[in-house]
Amino acid sequence: MGLIEILVAVLILSLGLLGMAGLQANALKSNQSSYGRSQAVMLSYYILDAMRADRSAAIGLSYNMNLTCNPGAITTADLAGNTRRDWLTSLRTSLGDANTTCGAIACDADGNCTVSITWDDSRAIGGTTGSTQTFQTRSRI
């Protein structure tokens, strides 16, 4: 009789530990997704601050670019081109070196700018493909 009680206790304990492991796995996935969003916020502020430092070029629409994923696609050698290339490289370093990690910048002549960052967040939902996240920041420089 004592052995049956021990087996039942071990079974209950193992089910509890299995549940705790599942909770920990979900917490890790959510933490990774949160980290990606935090990086996107930081990187959008990074490019906006760089445009504020070079305001005349930003208002002159030199920083504008459509959704671009490859830093090598920016071939201009001026300050705006180098800054955008460095920003896209930082996006790929922080949010994943994949073809789904992209950035876009749209400013108007009044200094109203929109920065969009897109990345693959498939880890957050268990590896499902097509889970692209987009973060957008609007600011006046």
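1. Basis. Residues are numbered from 1 along each chain as its sequence is written, and side-chain values use heavy atoms, with hydrogens and water left out. Local features in this predicted model need pLDDT of at least 70, side-chain atom pairs count only at pLDDT 80 or more, and totals for chains, interfaces and linings use all residues.

2. The sheet. Four strands form an open sheet in the order E1-E2-E3-E4, with antiparallel pairing; strands (E, at least two residues) and helices (H or I, at least four) are DSSP runs numbered from the N terminus, and two strands pair if DSSP finds at least two bridges between them. Strand E1 (65-68) and strand E4 (132-140) are at the edges with a single partner strand each, so one side of each has no neighbour in the sheet. Direction ignored, neighbouring strands are turned by 15 degrees against each other on average.

3. E1 and strand E2 (residues 102-107) run antiparallel and are joined by 2 bridges, with threonine 68 standing opposite glycine 103 in E2.

4. The two helices. The axes of helix H1 (residues 2-53) and helix H3 (residues 79-95) come within 10 Å and cross at roughly 170 degrees, where axes are lines fitted to C-alpha atoms, for helices over the stretch in contact, and angles run from 0 to 180 degrees between N-to-C directions. That makes H1 roughly antiparallel to H3, a term for angles over 145 degrees. Residues in contact (heavy atoms within 4.5 Å) include Tyr35, Leu43 and Ile47 in H1 and Trp87, Leu91 and Leu95 in H3.

5. Helices against the sheet. H3 lies across E1, E2 and E3, running at about 140 degrees to E2.

6. The largest pocket. This pocket is lined by 15 residues, of which Gln32, Leu95, Trp119, Asp120 and Arg123 lie nearest its centre; on a 1 Å grid over the protein atoms alone, a pocket is an open set of points where a 1.4 Å probe fits, with protein on both sides within 12 Å along at least five of seven lines, and lining residues have an atom within 4 Å of a point. H1 gives the most to the lining, with 4 residues.

Definitions and conventions. Parallel < 35°, antiparallel > 145°, perpendicular 65-115°, else oblique.
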